[in-house]
Amino acid sequence: MASILKTPKPIIKINGSPSSDTYAEYRWYKDGVLIAGATTATYTASQPGNYKVAVKLTADLDDVLISNNFEVSVANVELVVADGAISNNLP
């Protein structure tokens, strides 16, 4: 449990290179609703809205980290789970 608190949250960028970290699972959300079939490190946002991604660190545990919301204001933007994550460490 303590190690997950020290793991940086994933961040979303536009048209960047995917993170060098590989996660066991990716789940993309638009406006708080799971997007069916969106299970890779990249996602093309076909509509404006608030997007976030949940990443599962390992396949056999429930160790999921969720990014902050990322606002998309135009259609057809490629979103990427990117390096340079913001730490979610507790003080």
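A residue is called buried when its relative accessible area is under 20%, exposed when it is over 50%, and partly exposed in between (1.4 Å probe, protein chains only). The structure is a predicted model: local features need pLDDT of at least 70, side-chain atom pairs count only at pLDDT 80 or more, and totals for chains, interfaces and linings use all residues. Residues are numbered from 1 along each chain as its sequence is written, and side-chain values use heavy atoms, with hydrogens and water left out.

**Exercise 1. State which side chains of strand S4 (residues 42-45) are buried.**

Solution. Helices (H or I, at least four residues) and strands (E, at least two) are DSSP runs, numbered from the N terminus. In a regular strand the side chains alternate between the two faces of the sheet. In S4, Tyr43 and Ala45 point to one face and are buried.

**Exercise 2. Identify the salt bridges and the exposure of their residues.**

Solution. A salt bridge is a side-chain nitrogen of Lys or Arg within 4 Å of a carboxyl oxygen of Asp or Glu. By this rule there are 2 salt bridges. One joins the side chains of Arg27 and Glu25 at 2.5 Å, N to O. Arg27 is partly exposed, with a relative accessible area of 28%, and Glu25 is also partly exposed, at 28%. Another joins the side chains of Lys30 and Asp31 at 2.8 Å, N to O. Asp31 is partly exposed, with a relative accessible area of 46%.

**Exercise 3. Summarise the protein chain as a whole.**

Solution. The protein chain contains 1 helix and 8 strands. Along the sequence they follow the pattern α-β-β-β-β-β-β-β-β. Of the 91 residues, 32% are buried. Contact means heavy atoms within 4.5 Å. Among contacts between residues at least 6 apart in sequence, 66% join residues at least 24 apart.
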